[in-house]
Amino acid sequence: MKSKKIATLGLITALAMILSYVEALVPLSIAVPGVKIGLPNIAVIYALYRLGVKEACAVSLVRVFLVSLLFGNAMSLAYSVAGAVLSLAVMIPLMKSGRFGVTGTSVAGGVMHNVGQILVAIILLETGALAYYLPVLCVSGVIAGVCVGVVSSLILKRTEKK
Amino acid sequence: MDKKKLKNDILLIAALLVVAAAVWLAVTLTRTDGAYARVEADGEIVMTLPLDKDADVVIGEGERTNRLIIKDGAAYVTDASCPDHLCVRQGRASKSGETIVCLPNKFVVTIIGGEDGEIDMVLR
């Protein structure tokens, strides 16, 4: 049982990393830094709903760390960690409350991911004026969250144990 | 899917959009024409340029440079060393509080108003 879990977690983390890479390959041409679909969140949500809270945190943080190590730098690590932590901090209670669907959880996670990144940018660049991007990132987070949520709930439904 | 969950999801999304709209409105309505473009690199103010005077400056050194143009009361970046050129795509900034940001170069241009001007240095 234990080795099966290790294998599953490794697989999902690898999947999350590939999704980060795919996302980096297709840049969205919007003039606001930080707008993206958040494909890796599909893997995190799968882990959250199928495996549990601890497992989802592990997948998310290991993925962020490894992706920054492979393709990014210390700056991108700071942005990603803030996004990932805030997003998990909101998604976990929403999932546990049982009142929201996968899409709701994913939308909240997507928006909080963006908020986290903007907060780090405000701190690093020491510019409060960046808060001006919050509405744009909020809307983009909602759209991205809906896409990710729909895909995630389809995956969760189809991988259900019979 | 559970109907109640779906309803809650939609409520959540609507609430987030309302918050976004409110913040956007607050930011837009309180905005006036700016008087100066404040240029920051690595978190330090490099220069402050008046918007009513045309200028063409290159900020930064070595491989981290951004070319800032000031023309007709608006500031914009035409050239940058960063890979994504998001700062170029952000276009013109002229209203107080608007910014042009280049994350890779840690370069920020903020338009500041004449009335609330917290100006450290004016370069003429």
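Select B:Ala55 and look across to strand β4 of chain B: B:Ile70 stands opposite. This is a predicted model, in which local features need pLDDT of at least 70, side-chain atom pairs count only at pLDDT 80 or more, and totals for chains, interfaces and linings use all residues. Residues are numbered from 1 along each chain as written, chains are lettered from A in the order written, and side-chain values use heavy atoms, without hydrogens and water.

Now select residues 55-61 and 64-71 of chain B. These are β3 and β4, antiparallel over 7 bridges. (Strands are DSSP E runs of at least two residues, helices H or I runs of at least four, numbered from the N terminus; two strands pair if DSSP finds at least two bridges between them.) The two form a hairpin with 2 residues between them. Click B:Gly62 in the turn: its phi is positive, about 65°.

Zoom out to chain B. It has 2 helices and 7 strands, in the order α-β-β-β-β-β-α-β-β.

Move to chain A. Select A:Ile18, A:Tyr21, A:Val22, A:Leu25, A:Val26, A:Leu70 and A:Phe71. Together they form a nonpolar surface patch with about 700 Å² of accessible area. (Patch residues have over 30% relative accessible area and no salt bridge; nonpolar side chains are joined within 5 Å.) Color α1 (2-25) and α3 (53-71): each supplies at least two patch residues. The largest share, 4 residues, comes from α1(A).

Finish at A:Val26, in the loop between α1 and α2 (40-50). A:Val26 is exposed (over 50%), at 55% relative accessible area.

Definitions and conventions: Patch = residues over 30% accessible without salt bridge, like charges linked within 9 Å, V, L, I, M, F, W, Y side chains within 5 Å. Areas by Shrake-Rupley, 256 points an atom, 1.4 Å probe, with all protein chains shown as cover. Salt bridge = Lys/Arg side-chain N within 4 Å of Asp/Glu carboxyl O. Buried < 20%, exposed > 50% of the residue type's maximum accessible area, 1.4 Å probe, protein only.
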